[in-house]
Amino acid sequence: MPTALQLVHPDGSIHSYTPTHPPLAAPPRSPFATRIAYAAAHVVIDPLRTTQPLTHPVVDWDATLAYREYLWSLGFGVAEAMDTAQRGMGLDWPLALELIQRSTAAAKARGAIVASGAGTDHLPPNQTHSLESVTAAYLEQCEAIEAAGGRIILMASRALAATARHADDYASVYATVLSQVRHPVILHWLGPMFDPALEGYWGTPDLSVAMQNCLTIIRDHKEKIDGIKISLLDAEMEVSMRRQLPTGVRMYTGDDFNYDRLILDDGSGGEQNHSDALLGIFDAIAPAASLALTALDAGDIPRYHSLLAPTVPLSRHIFAAPTQFYKTGVVFLAWLNGFQSHFRMIRGAESARAIPHLCELFVLADRAGILRNPEMATQRMTSFLLTAGVA
């Protein structure tokens with residue numbers, strides 16, 4: 001049984017806590033029947049071979065791919081090289097492309113699902129770019145992903161947000177890119193709480209107008225769009241948008257605050273009565289999410305609620321403002337759960353969350369049944385806190 005450990009409150013005071021909740025164990029399974037569920041997966045670096053951690057991370061490919069195998073085994077698709085993998089926060093395009101190539105090959109070998117992020121992040125930052133150069137950058141990454149045999153998630157572009165002056169500029173770029181992809185893509189609308197550089201995406205900071213601008217693009221190119229993932233942390237806006245999507249275009253929730261209710265049928269009837277999922281939190285709560293979606297397949301809504309409800313406080317904590325630093329909590333949980341041997345991240349992002357924040361994460365993960373070996377997690381948490389001066 002786990003022993004008590006000393007944790008830190010936000011005011012710096014120390015309190016004793018003993019993990020008491022039994023861990024959830026999800027059995028291997030095939031993809032879910034009633035929902036498509038992508039887990040956006042994190043990257044594991046090799047801290048022993050990384051000599052310049054702020055600029056030149058070395059990826060631990062074995063551990064990184066092993067985590068994807070774990071997610072696939074629980075029924076998830078993997079959303080590859082997205083912001084959960086620190087794309088745009090230290091994972092550059094050459095490294096992202098190698099990750100995509102390796103992950104796509106591994107998915108094919110086991111018949112699993114993977115879709116990968118195509119963006120414009122190889123364009124030099126802090127420079128002025130034309131719409132033509134942004135379009136060419138998108139096409140370059142799309143072509144590389146399709147050459148690897150992969151499917152595309154068309155990521156929101158910082159360069160486009162900085163270059164475009166109105167909605168027509170977005171429409172022009174997306175029209176050109178979508179006309180040249182081989183297979184339908186998932187569009188990606190990441191709100192400024194995840195990336196402040198994306199403020200005003202789709203041509204306006206007014207989210208209701210931006211939604212209509214985005215819907216116009218979707219309607220004009222619906223045959224090239226599998227769905228759209230939105231991460232705005234606004235459940236009502238997501239429901240409103242999904243009810244306006246063309247037939248056959250899916251809504252993939254990226255709402256890490258409200259995913260539990262957005263995935264459920266809202267009782268409105270028609271095709272657009274629920275969201276599928278493309279979520280960073282599924283990396284962290286994979287056993288609970290797998291069991292909950294299995295219950296949903298079986299029509300067992302009470303069990304679905306009982307499994308996911310305890311994960312929502314954990315997710316809201318991990319994704320608390322500044323939201324872009326949620327990756328720290330995701331990797332911290334992976335380390336506590338023994339999926340990697342260290343708590344080190346690209347560009348030193350392990351330091352992006354405070355000690356009390358990570359202590360509360362530990363408590364919430366225990367309450368949600370996410371600590372798969374509470375004794376090991378307690379030992380690791382204790383060793384971590386020793387380095388922070390908690391005796």
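## Starting at strand β3

Let's begin with strand β3 (residues 37-40), where A37 and A39 point one way, Y38 and A40 point the other way, and all are buried. Keep in mind as you look around that this is a predicted model.

Strand β3 has partners to pair with. Three bridges link β3 to strand β10 (residues 276-279), and the two run parallel. If you want a spot to look at, find A37, which stands opposite A277 in β10. β3 also pairs with β4 in the parallel sense, again over three bridges. There, Y38 has G77 of β4 as its bridge partner. To get from β3 to β4, the chain passes through helix α1 (residues 61-73), and this β-α-β crossover is right-handed.

Next, follow strand β4 (residues 77-80) to β5: they run parallel and are joined by three bridges. A79 is the residue that stands opposite A115 in β5. Together, β4, helix α2 (residues 93-110) and β5 form a right-handed β-α-β unit.

How much of β5 is buried? For strand β5 (residues 114-118) it's five of the five residues, so the strand is largely enclosed by the rest of the structure. β5 also pairs with strand β6 (residues 151-154), in the parallel sense and over four bridges. β5, helix α3 (residues 131-147) and β6 make up a right-handed β-α-β unit.

## The nonpolar cores

In soluble globular proteins, nonpolar side chains tend to be buried together. Here the largest nonpolar core has 127 residues, and the members that touch the most others are F76, L154, Y174, Y201 and F282.

Take F76 as an example. Leaving aside residues up to four places away in sequence, F76 touches F32, A37, A39, L71, F282, A286, A289, S290 and L293. Two of those names, A37 and A39, belong to strand β3, where we started. There's also a second, separate core of 10 residues, with A40, M82, Y252 and L278 among them.

## Aromatic pairs

A search of the whole structure turns up 23 aromatic pairs. One of them is Y70 with F339: the ring centres are 4.6 Å apart and the planes sit at 40 degrees, so this pair is tilted. Y70 is in helix α1, while F339 is in the loop between α13 (326-336) and α14 (355-367), so the pair ties together parts that are 269 residues apart in sequence. Y70 is buried, with a relative accessible area of 19%.

Y170 and Y201 are another pair, with ring centres 4.9 Å apart and planes at 70 degrees, so this one is edge-to-face. Since Y170 lies in helix α5 (residues 167-180) and Y201 in the loop between β7 (185-190) and α6 (207-220), the pair ties together parts 31 residues apart in sequence. Y170 is buried, at 2% relative accessible area, and Y201 is buried too, at 2%. Both belong to one aromatic cluster, formed by Y138, Y170, Y174, W189, Y201 and W202.

## What about disulfides?

How many disulfides does the count come to? C142 is in no disulfide, and the nearest cysteine sulfur, that of C214, is 16 Å away. As for burial, C142 is buried, with a relative accessible area of 2%, and C214 is buried as well, at 0%.

Notes
Residues numbered from 1 in each chain as written. Predicted model: local features only at pLDDT ≥ 70, side-chain atom pairs only at ≥ 80, totals over all residues. Heavy atoms only, no water. Buried < 20%, exposed > 50% of the residue type's maximum accessible area, 1.4 Å probe, protein only. Pairing = 2+ DSSP bridges. Right-handed = clockwise from strand over helix to strand, strands pointing away. Core = buried A, V, L, I, M, F, W, Y, C linked by side-chain atoms within 4.5 Å. Contact = heavy atoms within 4.5 Å. Disulfide = S-S within 2.5 Å. Phe/Tyr/Trp six-rings, centres within 6.5 Å; stacked < 30°, edge-to-face > 60°.
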